[in-house]
Amino acid sequence: MPLNLTQKLIQAHLVGENTLPAPGTDEIANAMLPSPGQSIALRVDQTLTQDATGTMAYLEFEAMGVPRVKTERSVAYIDHNTLQSGYENADDHRFIRSCARKHGIFFSRPGNGICHQVHLERFGVPGKTLLGSDSHTPTGGGLGMLAMGAGGLDVAVAMGGGAYHIPMPKVTLVRLTGALQPWVSAKDVILEVLRRLTVKGGVGRVIEYGGPGVAGLSVPERATITNMGAELGATSSVFPSDEVTKAFLKAQDRAEDWIELLPDENAEYDAVIEIDLSALEPLAACPHMPDNIKPVRELAGIKADQVCIGSCTNSSLQDMLKAAAILKNKTVHPGASLSIAPGSKQVLTMLAQNGALADLIAAGARILESACGPCIGMGQSPGSGAVSLRTFNRNFEGRSGTADALVYLVSPETAAASALTGLFTDPRTLGEAPAITLPERFLIDDNMIEPPVPGSETDTVEIEYGPNIKPFPRSEPLPTDLTARAVLKVGDNITTDHIMPAGAKILPYRSNIPHLSQYCFAQCDPDFAQHCKQAGRGVVIGGANYGQGSSREHAALVPLFLGVKAVIVKSFARIHAANLVNAGILPLIFADAADYDHIETGDALDFQGIRGHLENGTVIIMKNLTRGESYMLRHELSPRQREILLAGGLLAYTKNL
C-alpha cells in the first residue's frame with residue numbers, strides 16, 4: 001500500500017495496540033493504518049518547552065516522580081517571558097534551569113533565541129516526532145519532522161516516557177507547482193492556504209506539502225509555512241526531507257542527521273489543493289483573524305504606524321537579510337516605528353558579522369533581543385488605534401497589548417517596504433528584488449545551550465522554587481451527578497487569548513494560577529472570575545472552533561481553578577479540547593447546534609447520571625432548570641480520555657496506572 005509522508009511518520013511511531021510491523025518487512029504490505037478519527041498513540045522522540053508554559057510542565061513532571069527524561073532529546077527554551085520588570089520571570093527561569101539540569105534536559109538560555117528557530121537550527125531531525133508546549137511546534141515540519149503542539153501536561157507525560165494520544169488525522173496534500181516571483185515569499189504561500197481553508201480548515205488534519213514547487217523553497221521558507229499551519233487548526237504540517245533539507249543540515253554542521261523522506265509514488269490523500277507559486281502575489285491577513293486575507297495592492301496607502309519584523313514565523317537569517325537589503329542606505333519613515341527581533345543568537349551574530357545589522361541600525365530600526373517579544377504582547381505594543389504591520393502568525397484582537405490596535409500579518413518584504421514609506425506598500429513597487437542566498441555554512445556556537453548534569457550527579461542539583469511559583473490546581477474525580485450554572489456565553493472562534501490573555505502584565509504570573517484567575521475571560525466579561533466564585537460550579541457555553549490559537553494549558557487550568565466543570569460548544573479546536581480533558585473539565589458538544597441559542601448566562605444546568613453516561617459512552621442529556629428544557633450533548637472522547645475525566649484529569653489518571 002503506497003503511503004504518503006504523514007502516514008510513514010505515523011507508522012514509524014505507533015505504539016500500543018495500533019503498532020504496525022517495521023517499514024520494509026513483508027508483513028507491512030498487509031497491515032492497515034488506523035482509520036481517520038481512530039485514537040492512536042505515538043512514541044515521542046523529542047520535546048520542547050518555553051518559559052511561559054514550561055514552569056507548569058516541569059511542576060507536572062516533578063509531580064510524576066520520574067527522575068530523568070526518557071526521550072531522545074528534550075530542550076527547555078527561555079524566549080517568552082524575557083522582559084524582567086520584576087523578580088517573577090527571573091525566578092521562573094531559575095526554576096526551569098534547575099529542573100533541566102537535574103532531569104536530563106538541555107537548557108537554552110535567555111538570549112539564545114526563539115524555541116522554534118533554535119530547534120530548527122540545532123536539534124530538529126527529519127523523521128523524528130517532536131512534541132512541544134507551544135502551538136507553533138509544527139515549525140519542525142519544515143525539516144520533515146512530525147512536530148505537534150500540546151499542553152504542558154502532555155509534554156510532561158512524553159518526557160516521562162508516555163505516548164502522545166491523538167485521533168488519527170486525515171491528510172491534505174498542498175501540491176505546489178511553479179516558483180515564487182520576485183517580492184513574493186513563503187509567508188504569502190501560507191496566507192493563501194489560510195485564505196482557502198480558513199482557521200478551521202485544518203482541524204483533524206495534517207497538511208502535507210509536495211509537488212515540483214517544493215524544491216524551490218529553502219528550509220527556513222518551509223518552516224514559515226509549517227509554522228502557520230497552527231492557524232489552520234491543523235494537527236501538524238510537514239514537508240519532505242530532500243536535498244534542500246540535506247544542504248541546510250550540512251550548513252548547520254549536522255549532515256549526519258539527514259535522511260531522505262518522501263511519499264510513495266501514487267500515495268493517496270484525503271484532499272488535494274493545487275497552488276501555482278508563480279501566480280501568487282503579496283498578501284496580508286487583516287484584523288482580527290489570520291484567515292482574513294487581502295492582496296497587499298488593495299491595502300496600499302493605509303497609514304502604517306508600526307512595523308515589527310521577527311517572531312518564530314519570520315526571524316530566520318534569510319528573512320533578516322531580505323529586510324536589511326531593502327532598508328540599506330535608506331531611512332525608516334518618520335511616522336513609523338520599526339522593530340526587528342532576530343530569531344536566534346546565530347542569526348543575530350551572523351547579521352553583525354556580515355554588516356547587515358549595521359544596515360538595519362543605520363536605517364533607524366530598533367533592534368530587539370532574540371525572543372518572542374511583540375508577538376505575545378511582551379513589549380512594543382502599538383499606540384491606541386494604531387495600524388501595526390507584523391511578520392507574525394496571529395493578529396487576534398488585543399494580543400498586541402493594545403485593545404484597539406489594527407494588526408496585519410505580512411511578509412518581511414511587505415513589512416520593510418511599508419516601514420520606508422510609512423504606508424501599506426506593495427513591495428513590487430520598489431523595483432528589482434534583492435537576491436538573497438543562504439550560506440554554505442552557518443556560524444556554529446552553542447555556548448548558550450547548557451547540557452544537563454550527568455545522571456550520576458543529579459542528587460547534587462536542588463530545584464529552585466521562587467515565591468511566585470504556586471502549585472497547579474487539582475481536579476476531582478467526576479461525580480455521579482453534576483449541577484452547575486452557566487457562568488459565560490461566548491460566540492465563534494474564541495481563542496485561548498480570550499480565555500487566558502498574554503502580554504507583559506500577565507505573562508509573569510503563568511506560574512501563579514490563583515493570581516492569573518482574575519484575568520480569565522477578562523476581554524469577554526471583566527467579572528467572569530467573580531461570577532465563577534458566586535456560582536461554585538460553572539459551565540462555559542461557546543460557539544464554533546472554541547479554543548483556537550495558542551496551546552497554553554492555562555486556558556484550561558485557570559477555569560479549573562475557578563470551578564468550571566464543563567465547556568459546551570458547537571465545536572472545539574484540537575489542542576484546547578485535549579487540555580480540557582487533561583485538566584478534568586468536560587468538553588461537550590451540542591448535538592443540535594441550535595440549542596446554543598436556548599441557553600443564557602446564569603441558567604442553572606443539571607447533568608443527572610453524568611458519570612455513568614461517560615463510563616458507558618452514551619449520549620448526555622442536560623437539563624436547563626431555569627428554562628425547563630433539555631438538550632442532547634455528544635462528545636468526541638476516546639475511551640482513554642473518558643477514563644482520564646473519570647479519574648479527575650491526566651495527572652490523577654497517570655498516577656493510577
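Colleague: Why does Val619 count as partly exposed?

Modeller: Because its relative accessibility is 43%; buried means under 20%, exposed over 50%, and partly exposed lies in between (1.4 Å probe, protein chains only). Keep in mind this is a predicted model: local features need pLDDT of at least 70, side-chain atom pairs count only at pLDDT 80 or more, and totals for chains, interfaces and linings use all residues. Residues are numbered from 1 along each chain as its sequence is written, and side-chain values use heavy atoms, leaving out hydrogens and water.

Colleague: Where is Val619 found?

Modeller: In the loop between α19 (610-616) and β26 (620-624). Helices (H or I, at least four residues) and strands (E, at least two) are DSSP runs, numbered from the N terminus.

Colleague: Switching topic, in what order do the strands of the four-stranded open sheet come?

Modeller: β11-β10-β9-β12, with parallel pairing. Pairing needs at least two DSSP bridges between two strands. β11 (236-238) and β12 (271-276) are the edges, each pairing on one side only.

Colleague: How many bridges join β9 to β12?

Modeller: Six, with β9 covering residues 170-177. Arg175 has Glu274 of β12 as its bridge partner.

Colleague: Which helix packs on that sheet?

Modeller: α6 (residues 186-197), which touches β9, β10 (205-210) and β12; contact means heavy atoms within 4.5 Å.

Colleague: And α11, which of its residues are buried?

Modeller: Lys345, Gln346, Val347, Met350 and Leu351, in a helix spanning 345-354. They pack against α4 (115-122), α10 (317-327) and α12 (356-363). After α11 comes Gly355, with a positive phi near 90°.

Note on methods: Axes fitted to C-alpha atoms, helices over the stretch in contact; angles between N-to-C directions.
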